[in-house]
Amino acid sequence: MKNTGIIQKIGPFLGLILIIAVLSILSPSFLDLNNILNILRQVSINALIAFGMTFIILTGGIDLSVGSMLALGAALTAGAMTAGFDPILAILIGLLIGAAMGAFNGLIITKGKVAPFIATLATMTIYRGLTLVYTEGRPVTGLSDAFSFQMIGKGYVFGIPFPVVTMFLAFGILWFILKKTTFGRGVYSVGGNEEASRLAGLNVDRIKIGVYTLTGVLSVLAGIILTSRLNSAQPTAGTAYELDAIAAVVLGGTSLTGGRGWIVGTLIGALIIGVLNNGLNLMNVSSFYQQVVKGGVILLAVLLDRKKAA
Amino acid sequence: MSSSIIEMNGIHKAFGQVHVLKGVSFDLKSGEIHALMGENGAGKSTLMKILTGIHSKDQGDITYKGKEITFKSPKEAEKAGISVIHQELNIIPELTVAENFFLGKEKTAGKTGILKNKVMNEEAKAWLMELGIKLDPKKPASDCSVGQQQMIEIARAVSANSEVLIMDEPTAALTKKEIDVLFNVMGGLKKKGVAIVYISHRMEEIFTMCDRITVLRDGASVGTRVINQTDFQEVVKMMVGRELGEQFPERKGMPGKVRLTVDNLSSSTGVKSVSFDLREGEILGVAGLMGAGRTELMRALFGADKSSGVIQIEGKTLKKPSPKKSIRAGMAFVTEDRKGEGLILNQTVRENLSTAQLNQLSKWSLLRIKKEQASATDLIERLRIKTSGMEQEAKSLSGGNQQKIVIGKWLATNPSVLILDEPTRGVDVGAKKEIYQIMNDLTVKGVSIIMVSSELPEILGMSDRILVMHEGKVTSIMDRAGADQEKIMTAATGGE
Ligand SMILES: Nc1ncnc2c1ncn2[C@@H]1O[C@H](COP(=O)(O)OP(=O)(O)OP(=O)(O)O)[C@@H](O)[C@H]1O
Ligand SMILES: [Mg+2]
């Protein structure tokens, strides 16, 4: 009951601590402040996407198109900037397009009654194709050097990388929405029992469209951060990002069948993945082995989780 | 009667901090029907789950056919000759009737794993026919009513040819016709020497069918009685620890002016041109046999399914009805299938009690947790829901207490038209009386109630008027004064 719930919630956290402990012994430079900030910055992109994915998975859905939305949103934002739009306006346009792409996913799933896996598998391809069409397969470069745009990916606030600030800010807002608003409660309810929610007067379609829209916005936000850091928008950016995002959500203890989970876990899950990547790099583990280790950790975490749940 | 086939002694069980069974003893003889009774949350289902290896016991011993034994899984128990019909339906909606019937014991061509679908369809059909149920075995279970699903489970358990059959509230979703057939079947099994544990909150059933009664209260055995050496009063007193008095309260409300009119309502789910009206402070009972379209009518009325026809509340027509609009117009709908449509099983009691009143519990979309907690506390008290606290998951509540959550969730919306579909399904005698009392109080305040029920005494005891359905149509609307069981049954079978 309540007790097992707490153990289940602490589990991912303990896992993170354990991995950090092991890595800091194996690689002394791991705990340097600079390295930690570096990890956090690397994590921020995946974390932002995974936050959105948490909402979707809580409703019992899935979104495979996040990486493609990231790429298309980033390319259009970059395009707007090269076309002479003010960077802030360009970013807003990008985020709006993210919302539109997400809402489109949501509409196909709710009004078209297509399974989320299939719907977003299709739009993943469509959005990626549109990115390639728009960019003609080449990176968009020559972006604005305005402070506002450069800040997003490369700036610091009181010594903390701006993407990290963005991540924590988004985390705070989304945590609040999930925990304290009727929309957040609706997300859990729809995932827990859709028919009961509908009969209780919840607007199930609107909630679902809402979570996909949110994820579209967050994906493009991640894309803009990436664009600012690299000073260019890559047409292939974000490929396979959906896998890391889903992994972060699952590592955090959110159930893929919906209705059960929490966003704190997702943050921890994203940190686990980031810390592993970084630590294995520091130890010069070949990237081939890195994949094996990462997959193994995910499997282990989920197996342990099952054991506790039983 | 022969000696005991099952003996359970000093059984203890705790879930976390909550001590649910405190030294329960129970014995069952071959060829007897043994009633297990007790209030909601007394521990009846838990005791049977321990017997059949679903839960492990903390203490105590179980003897089966003279040997001490602990089953590690329900499968093991079934192999040893004990089958169970669980209180909560275990039907997989995507599978067909026959697939559900044979789930886990499919017939295959030799050891190949190739299914013999034709054989299974025929056998499932035959077993259901034996229970008087005509069902297409190839129909998806999701298209079956709760009652039909229940019959599939009963047929499945009966077909196992077990020596011990445990029935946890098998009749809660059934109408008189199926219950009569079921009792016949049980009588036959009894003659063959099968031992049956029968859990039910319907007293009349216990006294017509059972040989002995064991009563549990708060996880302890209160005693066992031979049926003809006890009576209704004593059993109730053993269960609740006090006398209950009259079951149905005196109806005080006087129906006022018309609040709801339904004109020519039809739906693709089988409702055919239904018209009726409902007054302020009135209770309209809705009776009919299984499959008569009662639940379908309620769903159409509430906007849960698409329908044609006119629904008016307080003179205003509901255009394109949907649950949301109906709720806004003052309707509430306590659904029949609590697991499928009523509860969010892995949410807490508090969260479940708020699902339908999120608007009242929030301001500018912000949830007001204090207010939510106050509302939950209030409802738990008002309905005497037995929980270890409002943070208990709905999943781990006893069946009757789950039912009370569904009722509580809708009472919280302060409806003016309350639709109750089998509201006392699985609810104990004491709680039933409390629900009747709540209904009565609501009507005094002017609330209009529609109550679908398969229990005729309940229909007759509570309704001002009774609407009877047959094959999707209304066959009769009668005043309580002129109604009796016979007239209702005649109308329910399509007669005049
Ligand atoms: N898995 C569980 N975890 C925690 N508590 C549980 C669990 N299962 C049952 N309980 C608690 O045990 C008590 C007994 O439940 P049980 O289901 O045996 O009651 P019951 O006699 O069958 O009641 P009803 O007539 O309502 O079906 C209840 O208070 C319930 O909340
Ligand atoms: Mg029970």
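**Ligand 1 and the interface of chains A and B**

Residues from chains A and B surround ligand 1, so this site is shared between the chains. Before going further, please keep in mind that this is a predicted model.

I'll start with the ligand. There are 20 residues around ligand 1, and those that come nearest are K44(B), S45(B), T46(B), S398(B) and G400(B). In terms of secondary structure, two helices of chain B, α1 (44-51) and α14 (399-411), each supply at least two residues of this shell. The largest share comes from α1(B), with three residues. Sorted by class, twelve residues of the shell are polar, five are nonpolar and three are charged.

At T46(B), an N or O atom in the side chain is 2.5 Å from an oxygen atom of ligand 1. At G43(B), a polar backbone atom is 2.9 Å from a ligand oxygen. At S396(B), again a polar backbone atom, the distance to an oxygen of ligand 1 is 3.1 Å. As for burial, ligand 1 taken alone exposes 640 Å², and the protein buries 89% of that.

Next, the interface. How many residues of each chain are in contact? On chain B there are 35, and they are in contact with 26 residues of chain A. The size of an interface is often given as the accessible area lost when the parts come together. Here, the area buried between chain B and chain A is about 2,300 Å², and carbon and sulfur atoms give 54% of it.

On specific pairs: the rule finds four salt bridges across the interface of chain B and chain A. One of them joins the side chains of R299(B) and E195(A), at 3.1 Å from N to O.

Which elements of chain B give two or more residues to the side that touches chain A? They are α9 (294-302), α10 (323-328), α11 (338-342), α12 (349-354), β18 (366-367) and α14. Of these, α11(B) gives the most, with four residues. By class, the residues on this side of chain B divide into 13 nonpolar, eleven polar and eleven charged.

One last point, on α14(B). This helix supplies at least two residues of the shell around ligand 1, and α14 also gives two or more residues to the side of chain B that touches chain A.

Key
Residues numbered from 1 in each chain as written. Chains lettered and ligands numbered in written order. Predicted model: local features only at pLDDT ≥ 70, side-chain atom pairs only at ≥ 80, totals over all residues. Heavy atoms only, no water. Near = heavy atom within 4 Å. Polar contact = N/O pair within 3.5 Å; in protein donor to acceptor, adjacent residues only side chain to side chain. Areas by Shrake-Rupley, 256 points an atom, 1.4 Å probe, with all protein chains shown as cover. Nonpolar A, V, L, I, M, F, W, Y, C, P; charged D, E, K, R; others polar. Contact = heavy atoms within 4.5 Å. Buried area = accessible area lost by both parts, 1.4 Å probe.
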